[in-house]
Each structure stands twice: as structure tokens, then as C-alpha cells.
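I'll jot down what I look up as I go.

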Amino acid sequence: MPRSTHLRRKVFVTRAIDPAALERLRAAAAVAVWPGEMPPPAPKLRTALADADAVLSMITDKIDASVIAGAPRLRVISNLGVGVDNIDLEAATRAGIAVGHTPGVLTEATADLAFGLLMTTARRIAEADRHVRAGRWRTWGPMTMLGCDVHSSTLGLIGFGAIGQAMARRAMGFGMRVLYLKHPSSKRIAGAAAVSLPRLLAESDFISLHVPLTPKTRHMMGVREFALMKPGAILVNTARGAVIDQRALVAALKSGRLGGAGLDVTDPEPIALRDPLLRFNNVVVTPHIGSASIATRANMAAIAVDNILAVFSGRLPRCCANKKVRLRPPKDAA
């Protein structure tokens, strides 16, 4: 690749990623990596994108229409994650900017965590650990830390895409009965039954959410839905925090209607230390680590880089969230 071509391309990476993926990107462009643990502030992001050809972004980076309007050279936004709700897809498409993401590769890791949250909440594992560390373990007791059986119980899945199906496979290994929300696009899996939402809520001992955040799914779990849930049921969410109305969730936990919740996502993120959810012993909260296995994050970074390199070669990203986009032509460096 000619040296001049390499130098004309500028890529901004909004957080440090897997070194091997970063080296591949540096071989094709001049790369700037935001050095902090926290996301770049909005003014810094705007400044960095003003002369960038590509950005490798995180789900915490809000790239709205105004940011896109201030990035006249930008040809590709490659998001490290499945969801792209942090990006204005319509504005990107109008501007001729491809939006890449990293679906598929994080399915199994996210399903692992979702099932781990289910187990942890049901058997009070995190609470029991705190019990020991606080010096409260004095003896074995027949009534100490009693939890819910997971085997032979019923799991209800809201969202039956790749991650929901992976969750179903794990549940079947535990001898669980699996229900999933009936939807025209849902793939059928032997041993799992498609049912209506009221039936799923009423019959499930555990409910796990696996839907993208859209206007239709925002607060889809609210006062009405919690009232329909089986008393003592446990809710698991590894999707997006805003899928749940958190005020309604707190009320359902206070009333004893819910038996607990395992949450890898909250609304907002990070959750405030004074948030009432953190006062419940039967609530487990993790810091959005669904895909945080070493291999999965490395694979995600590799795909995110592939998406950028594809656009540099004049093609749409392999994993493109706006496939109807007509790529804007590259602009020569000033």
C-alpha cells in the first residue's frame, strides 16, 4: 500500500481494543486511540471525527445526527457490539456512511452470562458470598440461604434470536421447560414452545430478556407485565436497560411480587450508587459484561476492524446495520 494512501486515512478508536486488531488497523491508516477509561466527552468526539475517515466506536459513544453532520470525511462507523442504538442510522445512511457492528460472535458468551445471572439470583450466590465475607457464617443451618430450584422449572424467553436460542439450549440441559414469545420471525426449536406474552408471564419461574432496544421495546416490561408475572418469579436482563421500566421493577421487588432480578444492563448506565435497586439483596447487578470473555472481545475487535477495512476497499462491511447505504466517495486529505 502506498505510504501516501496510508497517511490520508484517519481512524479514531474511542477506547483501547485488542492489540492484534489494532495493529491490523494501523497497517491501513493513521490511528488515534482515546487513552482514557471513560468514553471521550462529546466535544472531544466531535473534534476527533471532524477529519476522520472512520471511527471504531463503543456502545457508550453517542453518534447522533449533529455529530455525523460535523464529520464530512467519515465513511464508516464500526460499533464494537451488536446493538447500534447509540448511532443515528438514518442520519448515517443519508450521509453515505456505513454502520458496521459485531453480531453473532458474542452469542454464546452473552448466553453464558445470562444463565449465570439466573443461577446466581436463584441460588443467592452473590448474597451468600457477602454473608461469608461479613463474618456471618457461623454454622451449617437447614434454613440458611434457601434459594429456588433451577432444574425442572420453567424459563420464559422474550426475544428468540441467536442469544435467546442459545439460552434455551442451556436451559434444556438443566431439564427446564422453555417457553418463548411467539413472533413471526422466531425460529422454532424442538422442546421449546411459542406462546403469548400473558401466558409466558403467568407460567414462567424465570424470564430472560433478549430483545434489541427500539421504540416498541422501550419499557416493554412495566407495571402491567410485572402484575401478570408468576409470584416469586425472577427476571434476567442482558439486553438493554431501557427495555425495563426500572421504577416498575423497584415497585414489583418492594411488593414481593418478584423473587429477584439479575441485571447486566441498567437505565442509565452506570447505575447510581444511591439507586434503590442496589438496596435489594435479591438483585444481582453486573457492569454490562455480557460479551466480556477474552476470546469474544478479541473476535469482536477483529470484526470491527474488518468492517472498516472493507469500506476502505470500496465495499460494505460484512456486518452492516444499514445495508441500503450508498457509500460516499473518499475525500482527499487537505
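Is Phe-174 buried, partly exposed or exposed? I find it partly exposed, at 37% relative accessibility (buried is under 20% relative accessible area, exposed over 50%, partly exposed in between, with a 1.4 Å probe and protein chains only).

A note on ground rules: this is a predicted model, where local features need pLDDT of at least 70, side-chain atom pairs count only at pLDDT 80 or more, and totals for chains, interfaces and linings use all residues. Residues are numbered from 1 along each chain as its sequence is written, and side-chain values use heavy atoms, leaving out hydrogens and water.

Next I looked up the ring partner of Phe-174. Phe-115 and Phe-174 form a tilted aromatic pair, 4.9 Å centre to centre with 50° between the planes (ring centres of Phe, Tyr or Trp, its six-membered ring, within 6.5 Å; planes under 30 degrees apart are stacked, over 60 edge-to-face, the rest tilted). Phe-115 sits in helix α6 and Phe-174 in the loop between α8 and β7, so the pair ties together parts 59 residues apart in sequence. Phe-115 is buried, at 7% relative accessible area.

I also found Phe-160 and Tyr-180, a stacked pair with 3.9 Å between centres and 5° between planes. Phe-160 lies in the loop between β6 and α8 and Tyr-180 in strand β7, so this pair joins parts 20 residues apart in sequence.

Then the whole chain: I count 12 helices and 12 strands (DSSP runs, H or I of at least four residues for helices, E of at least two for strands). Buried residues make up 49% of the 334.
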